[in-house]
Amino acid sequence: MVLVLAIGDLHIPHRAPDLPPKFKSMLVPGKIQHIICTGNLCIKEVHDYFKTLCPDLHITRGEYDEDSRYPENKTLTIGQFKLGICHGHQVIPWGDLDSLAMVQRQLDVDILVTGHTHQFKAYKHEGGVVINPGSATGAYSSFTYDVNPSFVLMDIDGLRVVVYVYELIDGEVKVDKIDFKKTATAPSAH
Amino acid sequence: MLNGTEDEEKWLAEGIAGIQHKAFYMHRALDSNNLREALKYSAQMLSELRTSKLSPRKYYELYMRAFDELKRLELFFKDDSKHGVSVVDLYELVQHAGNILPRLYLLCTVGSIYIKSKEAPAKEVLKDLVEMCRGVQHPIRGLFLRSYLAQISRDKLPDIGSEYEGDADTVMDAVDFVLQNFTEMNKLWVRMQHQGPGRVREKREKERSELQDLVGKNLHVLSQIEGVDLEMYKETVLPRVLEQVFPDEYHLQTLETLLGACPQLQPTVDVKTVLSRLMDRLSNYAASSADVLPEFLQVEAFSKLSNAIGKVIEAQVDMPAVGAITLYVSLLTFTLRVHPDRLDHVDQVLGACVKKLSNIPKLEDSRAMKQVVALLSAPLEKYNDIVTALTLSNYPRVMDHLDIGTNKLMAMVIIQSIMKNNSCISTADKVEVLFELIKGLIKDTDGADVDELDEEDFKEEQNSVARLIHMLYNDEPEEMLRIICIVRKHTMVGGPKRLPFTVSSLVFSALRLLRQLQGQEGDIVGEEASMTPNKIFQLLTQIIESLSAVPSPELALRLYLQCAEAANGCDIEHVAYEFFTQAFVLYEEEIADSKAQVTAIHLMIGTLQRMNVFGVENRDTLTHKATGYSARLLKKADQCRAVYACSHLFWVNDQDGIKDGERVLLCLKRALRIANAAQQMANVARGSGGPVSLFVEILNKYIYFFEKGNKQITSSAIQGLIELINTEMQSDSTNPDSVADAFLASTLRYIQFQKQKGGVVGEKFESIKL
C-alpha cells in the first residue's frame, strides 16, 4: 500500500491566502509516500510546506509558478503504475479529455495527473486514467464559478489503485472513492 | 457554637493545669540544680503547646503561661555555675528533646543566651534559629513560636551602637533576620486562609485577624532598629515588605494607601518593579476566579493604578523609557485580565504610552522597543479578533513611534494574527485603519531604502500582504468595491518592487466581486449605476496597467487574459476584445524570451478558444494574429505545436460553436509542413532524424477531428500519415526514438480500440486500414 497525494492549483498568495484549516489538519507528515503536484503553488513557501509532508515531491510547472525551473511534464513509476504529471495549460482545448488522452499516450503512462481547470475529475479511457485533483484552496477559476477546495489521495496496491477525493463542501470534508484496476495490457474502471 | 466555646474553656483549663503541673516539677529541678530533670520537665511542659484544639485567643493564654515559665528557665540557663554546662553544649543538648515544638522553644531560649555570651556571632545564631523554626508549619503554633523568637531576640540584634555589632554582624544582618522571620510568619498566616472547610471560614477569618498583630509586630521591631534609617527603610525594608506574600485582597483593599506611597519613593528604589509585580500579582488574582472581579471594580483598581503610574513617571523624570513602558505593559495586562470588555481602558493605556513616547525624540533602546511590541501584541492575543484591536484609536499612534524595522515587525505580527485566526475584515473603514497600521510594509517610508532589504525577507513581507488581501471580504458588493478601492489606493504607491506581489491579489479580488455582482444581477435594479461590470473592468484595467512601471509584461498578459474570460462571462464583447488587444500588444512588444513566448501563446490560444462572445470579425482578427504568432516562434518544434493548437480555434465542440473543418485542416497541414521542415533541418544539421514525435502528435490531432466529425479529414489522410511516420521511423533505425515508438503504438492501439467499439464510432474507424 503506497499513498500518493495528488494536489495542485493552490494559487497562494495570488488567489488564496492558505490551505483550508481542515485540510491542513488532515495533511500530516510521515503518512504519505509521494506527492504529485500539478503546479501553480505558486511560491516557495508552499513548496517547502509540501516538502515537510513528504520528501519525495514531484512538481510540474504552472503558468503562475514563481519557480520557472519546474519541468513542463514529468513521469515516474510507483509500484506497477506509470504516472505522468502535466499542469494542463499547455494542452488545448483546456480540460478536453480527448486532448489529455493524447498527452497520456505521448507520455506512455497509466495515470495522468493534471490540473488547471480547478475541477476534480477522474476519467477512465482506453489508454488509462486521467485524474484532476482540482484546486486545494478552491481558488478562483475562469472555468467554473463553483470551486470547492479538493485534493486526491491515491492508494496504489499491486495492480489496483483506489482514488480518494477529498472535497470541502459548505465547511465539511466529504470523501469519495473510485477504484481502478490495471490488467496486463490496460487499466479498467469499476 | 455554645458547645464549642465550652469545650475550648475546658481544654484551656486542662492545658493550663498541665503546664502548672509540669512547671512544679521543673521548679524543683531548678532548685536542685538538676539540669537533666529541668530539661525533661520543661520539655513536657512545653508539650502542652502542641495542642491544635484552641483558638488563637485561648492559645495565647496558654502561651503566656509557658512564656512566664520559660523566663525562669532562661535565668537558670544563664547561670552556668548552677548547672555546669557551657552554653555551646547546652545549645546542643536541648536539641535532644523528643518533640519538635518543645525542642525549638528550648533552642530559642538557649539561643538567646548564646548570643548574649558572645561565643558566637549574633548573626549566625539568629540565622540558625530562624531557619530551624521552619520545622513547625502549623499556623497557630508556628506563629506563636516565631513570636517568641522575635521577642527574645529583640534586645540582641546587632544594631548600630549595640554590643552585638561587630565586623561580622551589621545592621543589615539584623534587618535580614527580622525580615525573614516576618516572611515566614506571613506565609503561615496566609496559609490559614486556605485551611479547613468553607463553613468554618468565618471562624478562620476571625482567628486570622486575631493573629494579625503577631505578624505585624515584626514591622514594629524593624522600626525600632536604630540602624534602620530612612534611607535603608526606603531602599531595603519597604520593597521587601511590599514583596511579601500578602493576601491579594489585602493588597487590593489597601491599594490607595500603597499607591500613594510609591511616587514619594526615591529613584533608587525600583518602584516600577514593585508596581509591575503588584499589578502582575493582582492580574493573577483576577484570573484565579471570576468571583473576585467585582472587588476590583469596587475599589476602582484600574483608575488608581493608572493614576499612580502616571504620577510615578512624572516624578521620576530620569526613568528610562523601558521602565515606563514596562509599567504600561503590566497595566495593560492587568486591564485585559480584569476588564477585557473595557476597550476604553486599553485605549487609555495606549494613549498614556503615546504621550510618554512623544517626549522622547528618538527611541533607540532595543529593550524599550521590545516592550512596545509586547504592549501592541497583548490586545491581539487577547482579542483573537483583530477587528477589536482596530477600534483602538491610540493603537496606530503607538506604532508610529516605532523605528522602521520594529514597525514592520509589528505589522507582520498583525498580519499573522489575522491569518492564524482566519479573521475576516469586512468594512472599508476597518480596512483603512488596517492598511494605515501596516503602511511600513506597503510603501517606502522616510529613511527606508527598499534596496537594502534582504530579498527573502522582502518577499515574505510582500507575500504576507498579498495573502492578507484575501482576508478582506464583504458579500455586499458596494462595500466590497469600497474595500478594493482602499486597498488599491494603498498598494498602488508601493513602487515597482511591490506591485508584482500585490496586483495579482487585487485583480482576483476584483474578479471575485464581478462574479458576486453577476450572481446578484436581479437585485440591483434601482440602484444608482455605481456598480456595473464595466466599472469593475475599468478598475481592473487601471490596476493591471500599473504593472508597466515594474515592468511585468508576462504577469500583465496573464491577468489581461483572465479579464477577457471574465468579460466573456459577462457577455461584453468590446471589453473582451480590448483585453485581448492589450494582451497581444504586450506579447508583440514586451515578451522576447522564447520560453516565455511559448507559454504566452498557449495561454492566448487556450483563452481565445473558449471565447463565445466574439462576432465573426473580431474572432477572425484575433485568430489570424494568434496563428501568425505561432508560426513565428523561434524553434520549429514550438511552431509546430502552437500551430496545431490553433486548429482548435476553428472547432468548438458545443452546439453553437464554430466548426470550420477546412481551416482546421489547413492548420494541421501547416503544422505538418513545419514538422517536415524540422525533420529536414535535423537531417542536415545532425545527420540524424528530428522529432518524429511531432508527426505522431499531429496524427493524434487528425484522429481527434476525424472522430469529432470533421468531414475534411479523411481516413485515407490518416492512413497516409501513419505510413509517413512508419517510413520516417524506419529510415532512422540507427537512432531509434523509443518514446515516439511507444507513442505511435498506443495511438494505433487507440484506433484499434475504437474500431472494436462497434456502432457509429466503430463504423467510422473501420475505414482506417492499418
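## Close-ups of chains A and B

**View 1. Salt bridges where chain A meets chain B.** Three salt bridges are counted between chain A and chain B. One to look for pairs Glu45(A) with Arg467(B), whose closest N and O atoms sit 3.1 Å apart. Keep in mind that this is a predicted model.

**View 2. The wider contact between the two chains.** Together the two chains bury about 3,900 Å², with carbon and sulfur atoms making up 55% of that. On chain A's side, Ile92(A), Arg105(A) and Tyr140(A) are the trio to pick out: they supply 19% of the area that chain A buries against chain B, more than any other three residues. As for polar contacts, 18 residue pairs turn up between chain A and chain B, both residues being at pLDDT 80 or more.

**View 3. Chain B on its own.** Chain B has 770 residues, and 53% of them are buried. Its secondary structure comes to 38 helices and zero strands. Of the contacts in chain B with a separation of 6 or more, 71% link residues 24 or more positions apart.

**View 4. Two domains of chain B, side by side.** The domain assignment of chain B gives domain 1 as 1-120 and domain 2 as 142-247. Here 17 residues of domain 1 are in contact with 14 residues of domain 2. The area buried between these two domains is about 1,600 Å², and carbon and sulfur atoms give 73% of it. Look for Pro56(B), Tyr63(B) and Cys108(B), which supply 30% of what domain 1 buries against domain 2, more than any other three residues.

**View 5. Inside the domain 1 and domain 2 interface of chain B.** Polar contacts do show up across the interface, in two residue pairs, with both residues at pLDDT 80 or more. On the domain 1 side, helix 3 (56-78) and helix 6 (100-117) of chain B each supply at least two residues. Helix 6 of chain B brings the largest share, eight residues. By class, that side of domain 1 has eleven nonpolar residues, plus three polar and three charged ones.

Notes. Residues numbered from 1 in each chain as written. Chains lettered and ligands numbered in written order. Predicted model: local features only at pLDDT ≥ 70, side-chain atom pairs only at ≥ 80, totals over all residues. Heavy atoms only, no water. Domains from an automatic or database assignment. Contact = heavy atoms within 4.5 Å. Buried area = accessible area lost by both parts, 1.4 Å probe. Polar contact = N/O pair within 3.5 Å; in protein donor to acceptor, adjacent residues only side chain to side chain. Helix = DSSP H or I, 4+ residues; strand = E, 2+ residues; numbered from the N terminus. Nonpolar A, V, L, I, M, F, W, Y, C, P; charged D, E, K, R; others polar. Buried < 20%, exposed > 50% of the residue type's maximum accessible area, 1.4 Å probe, protein only. Salt bridge = Lys/Arg side-chain N within 4 Å of Asp/Glu carboxyl O.
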